[in-house]
Amino acid sequence: MSKYQQFKFKKYDFDKTSGKLSLFYSYDDALEFCETYHFDFDFVEYDEAALDRALQLLFFMAGVSYYKMYLAPEIVVEQGEIDKQLADFLNKTYQRGLGEFFYVNQLDPKTAIEFPINSEGLESTKVTGLEGVLIGLGGGKDSLVSVELMRNEPKIATWSLNHKDQLAPLVDRIGLPHLTVDREWDSQIKQLNSEDALNGHIPISAIFACTGAIVAILSGYADTAVSNESSASEPTFRYQDVDINHQYSKSLEFEQDFQAIQKHLFSGGTRYYSLLRPLSELHIAEIFAETGFTKYKDVFSSCNRAFTQGQDHMSWCGECAKCAFVFLAFTPFVDRAELEKLWGGKNLLLDPMLDPTYKQLLGIEGDKPLDCVGEIKESRSAMRIA
């Protein structure tokens with residue numbers, strides 16, 4: 001039982017002069033949160049109604065970071081409109097996107113999440129004048145493959161959420177226009193997590209997708225392209241007869257759901273898609289080895305630990321499942337000595353500390369790691385070549 005009865009979406013506020021978006025949430029009016037976003041680039045003339053619709057979508061999606069802390073049985077919306085189609089999308093994305101969270105906290109993954117419906121039907125907002133492609137830049141190999149495949153488009157730019165200083169050398173090396181967004185979580189989260197709040201993985205890529213729609217409208221771009229590959233759709237394991245996917249909000253299922261909700265909310269406007277969706281992790285590694293490894297080897301990282309709060313430079317820990325998988329995926333395509341330089345001269349395939357991880361990646365023992373790694377068959381193919 002939750003110690004609170006209601007989780008409230010209080011209000012959202014956008015200051016167009018400063019580019020600051022503030023999102024307000026609370027539990028029973030007793031525990032209040034504020035999350036902020038700063039859109040740090042020049043705005044074009046934009047449609048106010050379209051922007052407001054996009055702001056609402058992020059407001060509802062970003063609330064997952066706070067909703068999961070106490071899982072109040074009732075959701076209350078004090079600002080913003082939700083019809084049945086939007087409610088269904090939010091309910092599903094929260095539940096499926098919190099699958100790993102439910103597993104880690106030993107909760108029922110079928111726990112119902114019900115957003116209230118306060119509108120009989122939302123009319124799509126007409127969006128015009130947008131053109132070009134925005135590529136979400138994560139700092140790893142996947143987004144760099146998208147950059148190299150699309151860099152000759154007539155109008156193209158990259159954008160990123162947080163890690164501005166960390167990504168600066170990579171952005172300079174890419175040499176395309178770049179837009180930055182700074183996100184600041186409520187400072188109470190860390191303290192409450194150390195006390196009685198539940199903690200765990202959220203559908204962060206869904207938050208990125210909603211943020212990207214705002215960036216597109218404010219900057220005049222039509223498409224926000226991400227770099228999620230086919231293997232992101234593979235479940236990590238099953239828990240209580242439910243497929244749990246660490247990468248749910250990178251999956252094809254979420255991508256199609258988000259495309260449908262964008263079509264529902266906007267007409268003739270911003271689009272969202274993954275350029276790399278048809279490709280396997282190994283195919284992406286091969287393309288990167290040919291087009292980007294030499295160019296970016298000293299300024300990129302696919303290690304998730306490199307992007308934790310407080311980090312100010314690119315790094316590879318050499319200990320996590322992501323590092324283990326990336327080393328394995330690059331092995332067939334990158335000179336071994338050059339590859340080992342990323343990890344200070346270490347060959348991860350020969351590190352006994354990573355033996356249990358590789359057995360998981362290869363489907364020999366246990367479940368796949370809860371990380372953004374490729375399919376078991378891809379790991380086996382790479383290991384066979386290695």
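In this tour, Ala, Val, Leu, Ile, Met, Phe, Trp, Tyr, Cys and Pro count as nonpolar, Asp, Glu, Lys and Arg as charged, and the others, Gly among them, as polar. The model is a predicted one, in which local features need pLDDT of at least 70 and side-chain atom pairs count only at pLDDT 80 or more, while totals for chains, interfaces and linings use all residues. Residues are numbered from 1 along each chain as its sequence is written, and side-chain values use heavy atoms, with hydrogens and water left out.

**A pocket and the loop beside it**

Begin by selecting Tyr67, Leu71, Ala72, Pro73 and Ala112, which lie nearest the centre of the second largest pocket, out of 15 residues that line it. A pocket here is an open set of points on a 1 Å grid over the protein atoms alone, with protein on both sides within 12 Å along at least five of seven lines, whereas a cavity is a set of points where a 1.4 Å probe fits but cannot get out; lining residues have an atom within 4 Å of a point. The volume of this second largest pocket is about 250 Å³, a volume being the space filled by probe spheres set on the points, with grid points joined across faces, edges and corners. Helix H2 (64-70) and strand S4 (74-77) are the elements that give two or more residues to its lining; helices (H or I, at least four residues) and strands (E, at least two) are DSSP runs, numbered from the N terminus. By class, the lining of this pocket has 11 nonpolar, 1 polar and 3 charged residues.

Stay with Leu71, which is found in the loop between H2 and S4, and look at its backbone: Leu71 has a positive phi of about 50° although it is not a glycine. Most residues other than glycine have a negative phi. Asp28, in the loop between strand S2 (20-27) and strand S3 (31-40), also has a positive phi of about 50° without being a glycine. With a relative accessible area of 29%, Asp28 is partly exposed, where buried means under 20% relative accessible area, exposed over 50%, and partly exposed in between (1.4 Å probe, protein chains only).

**The enclosed space**

Next, select Ser231, Glu234, Thr236, Asn245, Gln247, Lys368, Asp371 and Val373, the residues that line the largest cavity. The structure holds 1 cavity of 30 Å³ or more, and about 30 Å³ of space lies in the largest cavity. The lining of that cavity has 1 nonpolar, 4 polar and 3 charged residues.

Move to Asp142 in helix H5 (residues 141-150), which counts as buried at 17% relative accessibility. Leaving out residues up to four places away in sequence, Asp142 touches Ser227, Glu229, Leu276, Glu281 and Ile284, where contact means heavy atoms within 4.5 Å.

Then select Ser160 in strand S7 (residues 156-161), a residue that is buried with a relative accessible area of 3%. Beyond four places in sequence, Ser160 touches Leu137, Leu167, His178, Leu179, Thr180 and Val181.

What does Glu255 contact, leaving aside its neighbours within four places in sequence? Glu255 sits in helix H9 (residues 252-265) and is in contact with Tyr272, Tyr273, Ser274 and Arg277; its relative accessible area is 5%, so Glu255 is buried.

**The cysteines**

Colour the cysteines now, bearing in mind that the structure holds 0 disulfides, a disulfide being a pair of cysteine sulfur atoms within 2.5 Å. Cys210 is in no disulfide, and the nearest cysteine sulfur, that of Cys372, is 18 Å away. Cys303 is likewise in no disulfide, although the nearest cysteine sulfur, that of Cys323, is 3.7 Å away. Cys210 counts as buried at 1% relative accessibility, and Cys303 counts as buried at 0%.

**A helix with two sides**

Finish at helix H15 (residues 376-385), where Glu378, Ser379 and Ala382 are buried. Seen down the axis of H15, the buried residues fall within an arc of 100°, so they line one face of the helix; the arc is that of the directions from the helix axis to the C-beta atoms. The buried residues of H15 pack against helix H10 (281-291), helix H12 (321-330) and helix H14 (355-361), while Lys377 and Arg384, on the other side of H15, are exposed.
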